[in-house]
Amino acid sequence: MKQSSIKKVNDDLRYLRLLSRDFPTISSVTTEIINLEAILHLPKPTEHFLADLHGENEAFQHVLRNASGNIKRKVNELFGTTLREQEKKDLCTLIYYPEQKLDLVKKTDRNISDYYQTTLNQLVAVCRRVSSKYTRSKVRKSLPPEYAYIIEELMHESTDDHNKQAYVNVIIQTIIGTTRADNFIIALCYLIQRLAIDQLHVLGDIYDRGPGAHLIMDVLESYHNWDLQWGNHDILWMGAAAGNPACVASVLRISLRYANLATIEDGYAINLVPLTTFSIDTYGNDECTVFKPKIETNDKLLTEKKCKLIAQMHKAISIIQFKLEGQLYNKHPEWKMDDRKLLDKIDFEKGIVTVDGNTYEMLDMNFPTIDPKHPFELTKEEKEVVDRLCHSFLISDRLQRHINVQLTHGSMYGIYNSNLLYHASVPLNEDGSLHEVSVAGQHVKGVALLERVEQMIRSAYDVGSESEERQVGIDYFWYLWCGPESPLFDKSKMSTFERYFIADKSTHVEEKGWYYKLRDSAAICDYIMDEFGVKGEHRHIINGHVPVKVGKGEKPIKADGRLMVIDGGFAKAYHNTTGIAGYTLVYHSRGFQLVQHAPFTSTEEAILNGTDIQTTTQIVEMMGHREMVADSDKGVELSEQVSDLEKLLMAYRKGIIKERK
């Protein structure tokens with residue numbers, strides 16, 4: 001026998017002996033094989049895809065609670081015409097918001113005992129339906145410990161069996177009689193929510209624009225099964241949390257631009273007093289007209305005084321940002337972003353600026369902190385503000401915890417069940433070939449580029465790495481945020497300066513990279529999926545990042561169904577641009593459904609009137625057969641386990657490995 005063959009046999013035996021520790025007898029091996037084979041023949045559990053949440057916590061939570069209409073679909077399938085539409089709506093609202101709905105019912109329903117009896121039976125029926133794709137073992141692990149035994153009994157006993165009907169009725173009557181009905185109903189509702197979606201995929205941009213990114217992260221922190229493909233807005237916050245001063249400034253600038261300080265102040269307890277004081281002292285007599293916040297995208301009404309203060313803070317941090325990013329471009333000439341250093345292109349006497357060889361009149365020329373000879377130097381006061389703000393980001397426990405959660409669950413890309421997920425792009429050349437990018441001295445492209453970028457991100461948070469390597473990683477967050485070859489951005493420039501100071505809108509244009517121009521091609525999408533090793537008859541790329549302008553006729557499904565762009569504008573700031581309020585994608589055992597959402601009114605409205613988000617469901621792709629667990633990534637893993645167990649079974653039967661009783 002060849003040496004390599006002998007080594008393989010020895011390796012196999014070593015592994016089988018390790019496996020025998022968990023399965024010490026023939027009986028235990030055969031039991032596990034039977035169990036795994038049974039799981040392989042269950043329907044594939046449902047996956048839920050969301051992108052570009054941008055702090056819209058209420059809409060996010062509602063979509064999560066109703067599983068993008070999946071729960072409503074189950075209720076309709078189950079009760080059909082046996083319940084009136086209003087009764088089905090009330091049942092769905094109860095499942096989405098159990099505590100609040102129960103409070104309303106108890107105020108209006110005179111016969112609460114009957115309500116409990118009917119509702120408990122209905123919820124148990126829904127629970128049976130949504131749990132049908134799982135093994136009893138998996139469902140058991142999802143049950144609230146306090147009621148696990150009772151729920152399991154109710155779910156697996158049929159009221160159609162006359163011998164069991166009295167048994168089930170007594171359980172329900174006892175729950176009501178012991179005043180535990182409210183708690184039990186709440187537990188069932190959250191169990192239904194959990195079982196309706198097996199895995200949640202978030203394709204980036206949790207942060208900025210909306211007021212509740214910290215609340216979204218609180219939910220995700222305890223969510224049962226989810227993954228994240230980082231977006232450029234997430235990366236900006238990661239950079240800020242790592243202590244990158246330019247990222248800190250930009251995070252604050254965006255928050256002030258949208259008059260949205262809830263996440264900054266209430267969520268992460270960032271101390272804005274130094275910035276407030278500095279802005280009043282420096283810009284107290286400045287109307288800061290071009291820095292007035294975009295309050296039309298925010299429900300909060302601002303007083304004129306508050307609006308002026310925000311505009312002053314907005315201007316102060318914007319000038320600081322332009323200085324800090326200029327320093328980074330000087331420090332990292334390899335980024336080739338000198339064209340973004342614009343403070344030194346201002347003619348302070350004439351009030352003009354030169355951009356790409358053309359001169360434009362400036363909309364604002366009051367810059368008391370800029371030295372024309374050294375425009376990128378911070379004043380002493382600005383440096384003190386930056387140091388204190390960076391310190392505040394670094395010591396925010398909640399922020400650091402949330403960033404750690406993003407690092408644990410996140411990555412630059414993911415491959416799940418023949419679906420390639422990433423936030424923005426894979427940079428391409430004009431001819432459709434992979435574009436090579438220099439990352440900290442390494443020239444990489446395609447899958448190697450995204451993996452190298454992920455290494456850079458993680459090095460910034462690796463306390464064990466050398467300080468120089470870590471600092472390069474911290475600096476690199478800025479390039480990932482707005483660099484022209486960043487796979488999280490992939491545009492010619494981020495025209496922040498031009499949008500503030502130049503009226504000519506032609507200077508505001510951010511030309512998209514070749515990926516966005518070529519991704520309608522099925523051949524290009526196949527080429528990218530081949531590069532990432534995505535297999536399967538039904539394989540797809542799923543993206544976010546660039547909002548689909550539905551109102552202008554743009555389509556989210558591209559490249560003959562190979563590419564799905566699910567950024568439909570969750571954030572209120574994008575509703576006018578997209579014409580809708582976001583997309584979500586549901587992938588169940590029968591295929592893909594793209595759900596288009598209308599704007600969410602409010603949680604209060606949903607509870608009081610049973611108002612659900614108005615949705616339009618588009619069937620993207622239906623499978624020729626119902627997909628089973630065996631057809632999924634998990635199925636491949638389980639099949640390999642079955643193969644290993646069959647080898648162990650053979651080893652036991654031939655006496656190569658001895659059973660341990």
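In strand β12, I541 is the bridge partner of L420. Strands here are DSSP runs of E with at least two residues, and helices are runs of H or I with at least four, numbered from the N terminus. The model is predicted, so local features need pLDDT of at least 70 and side-chain atom pairs pLDDT 80 or more, while totals for chains, interfaces and linings use all residues. Residues are numbered from 1 along each chain as its sequence is written, and side-chain values use heavy atoms, without hydrogens and water.

Strands β9 (residues 419–421) and β12 (residues 540–543) pair in the parallel sense over 3 bridges. Pairing requires at least two DSSP bridges between two strands. The open sheet holds 5 strands in the order β8-β9-β12-β14-β13, with mixed pairing. β8 (414–416) and β13 (557–558) stand at the edges with a single partner strand each, so one side of each has no neighbour in the sheet.

Helix α24 (residues 522–531) lies across β9, β12 and β14 (563–565). It runs at about 95° to β12. Axes are lines fitted to C-alpha atoms, for helices over the stretch in contact, and angles run from 0 to 180 degrees between N-to-C directions. I528 touches L420 and I541, among others; contact means heavy atoms within 4.5 Å.

I528 is also among the residues with the most contacts inside the largest nonpolar core, of 185 residues. Such a core is a set of buried Ala, Val, Leu, Ile, Met, Phe, Trp, Tyr and Cys residues joined through side-chain atoms within 4.5 Å. Buried means under 20% relative accessible area (1.4 Å probe, protein chains only). Domain 2 (47–205 + 518–627) and domain 3 (233–409 + 443–512) both give residues to this core, so it lies between them. Domain bounds come from an automatic or database domain assignment.

Key
Buried means under 20% relative accessible area, exposed over 50%, partly exposed in between (1.4 Å probe, protein chains only). Lists of a residue's contacts leave out its neighbours within four places in sequence.
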